[in-house]
Structures are given as structure tokens and as C-alpha cells.
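Keep the sequence and the 3D view side by side.

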Amino acid sequence: WSSSDSVVSAGSAGGTPGRGGDPFRVVLLGGSDVGKTAFASIFAGAADSMDGEDCEVYGDEVCERTIEVDGEEATITLLDTWTTEDDGKCMAQDQCMQTGDAYLLLYSITDRASFLRASELRITLRCHRPARHTPIILVGNKCDLVRRREVSVSEGLACAAVFDCKFIETSAAMQHNVWEAFRGIVRQLRLRRDSKEA
Ligand code: GDP
């Protein structure tokens, strides 16, 4: 599976949320240097010359595109607006926590502090989004840096189990599993949407 066959078009039209209608709002969360910008670049197509034109960018930190997941199109608005600075940015952080339909919670497998930060963010997110069904995927990025690994796969899995969310290891540098993470979040959003519609 590659990014090129997943990407259909950019933009959105009217219709059912996430089906080319109201886009799913997916927020990138995580400490600094974990790879949020790298994720956003891949999503925007900057790291994929074939699809560089396909993303509608609404500012440096917001990008929208339609991808195909399991034969059905889904429009995602990706928000990379998280800031790790504490100086008066609380409002921005609160908004981040409130505006997403789903969250990719990133840490670096080479940085245990970022893993702990992800746990803190999960707890904060739970305060802002008490509903149990907000889709979240815990993402252990930089899995290409094998020798610098500080957080094991089993620790990531255990953390995800405690937090009742999915888990995936990725490498933005190698473009490994990044689109799989986006596909996973769309699948969870659809499950939630379908259970609401039922
Ligand atoms: P952010 O602060 O979370 O937005 O992190 P960035 O996306 O700016 O990444 C921080 C640094 O890590 C940059 O130098 C990236 O090139 C590098 N980086 C990001 N993802 C990966 C990855 O999967 N593997 C490796 N080896 N480096 C990565």
C-alpha cells in the first residue's frame, strides 16, 4: 500500500461528514521534535513528489485532502497547530484539545521523555474530551532509529492498552506506516460515525 494510490483529490464538497463532506478534523499532538511537522509534510505531499499538488493548504499548519480508505473516500483536515511552549499559549492548547474529531498522539521511540509527555497529553485530552469514543492513535515515531531506541514496542502497546487507544510505530523519515496511521484514524472515525447513524 502506498501513499500514491490512497490519495484521491483535495478539497471537499457537501455531503456526509468525512465522505467528501465535512472533513474529519485530525489533530497532531505530541512533544517537540517527535515528528509532527514531518507527518504534516507527508500528508501535505511535500515529501511525495507525485502528490505535491493534491493538498489544499489553509495556512502553515492546516491542510486538507481526500484519501481513499477501504474503497471509500474520506476528507481529512490535518491540524498541526499544537505548540509545546507554555508561555501564554494555553488557549491554543485548549482549542487543540477541543476541536479535533480524532488525534494522532506522537512520541519518539528515541526519547523517553516524549513518551511520558504523550501520557500526560492523553490525560489532558481525557479532561477536555471525556467521551470515551474520541478516536486516538498512539504513534511511536522514528522507528528507523533502531540503535537509539529508548521505548520498546511492548511499552507502547501497554500504554495504548491503558489509554484505550490504538498503537502504531512509524518512521516519517522512511515514510513507513505514516499513511497507515491516517487510514487507521479514518477507520475509527467511520466506526464511530456508523454507530451514531445506526
Ligand atoms: P516536531 O517538533 O514534532 O514537529 O518534529 P519535526 O517533524 O520537526 O522533527 C524533528 C526532527 O526529527 C527533524 O530533524 C526531523 O527530520 C526528524 N524526524 C522526524 N521524524 C523522523 C523519523 O521518523 N526518523 C528520523 N530518523 N528522524 C525523524
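A residue counts as buried if 20 or more other C-beta atoms lie within 10 Å of its own, as exposed if 12 or fewer do, and as partly exposed in between; the C-beta atoms are placed from the backbone. Buried residues make up 42% of the 198 residues in the chain. This is a predicted model: local features need pLDDT of at least 70, side-chain atom pairs count only at pLDDT 80 or more, and totals for chains, interfaces and linings use all residues. Numbering starts from 1 along each chain as its sequence is written.

Start with the overall build. The chain has six helices and eight strands. Helices here are DSSP runs of H or I with at least four residues, strands are runs of E with at least two, and both are numbered from the N terminus. Their order from the N terminus is α-β-β-α-β-β-β-α-β-α-β-α-β-α. Two residues are in contact if their C-beta atoms, placed from the backbone, lie within 7 Å. Among contacts between residues at least 6 apart in sequence, 70% join residues at least 24 apart.

Now look inside. In soluble globular proteins, nonpolar side chains tend to be buried together. A nonpolar core is a set of buried Ala, Val, Leu, Ile, Met, Phe, Trp, Tyr and Cys residues joined through C-beta atoms within 7 Å. The largest one here has 47 residues, and Leu 28, Phe 39 and Ile 185 are among those with the most contacts inside it. Helix α6 (residues 178-197) gives the most to this core, with seven residues. Ile 185 touches Val 26, Ala 102, Leu 104, Pro 135 and Ile 137, leaving aside residues up to four places away in sequence.

Next, the ligand. Which residues are closest to the ligand? They are Gly 35, Lys 36, Thr 37, Ala 38 and Ala 173, out of 15 residues that surround it. Lys 36, Ala 38 and Phe 39 are among the buried ones. Just after α2, Gly 45 takes a positive phi of about 95 degrees.

Strand β4 (residues 62-69) is mostly covered too: six of its eight residues are buried. Strands pair if DSSP finds at least two bridges between them. β4 runs antiparallel to β5 (residues 72-79), and eight bridges join the two. Arg 65 has Ile 76 as its bridge partner in β5. Two residues lie between the strands of this hairpin, where Asp 70 takes a positive phi near 55 degrees.

Finish with helix α5 (residues 153-163). Its buried residues are Gly 156, Cys 159 and Ala 160. They lie on the same side of α5, because they cover an arc of only 100 degrees around the axis. The arc is that of the directions from the helix axis to the C-beta atoms. On the other side, Ser 154, Ala 158, Ala 161 and Val 162 are exposed. The cover over the buried residues of α5 includes α4, β7 and β8 (166-169). Asp 164 follows α5, with a positive phi near 55 degrees.

Conventions. A residue is near a molecule or strand if its C-beta atom, placed from the backbone, lies within 6 Å of it.
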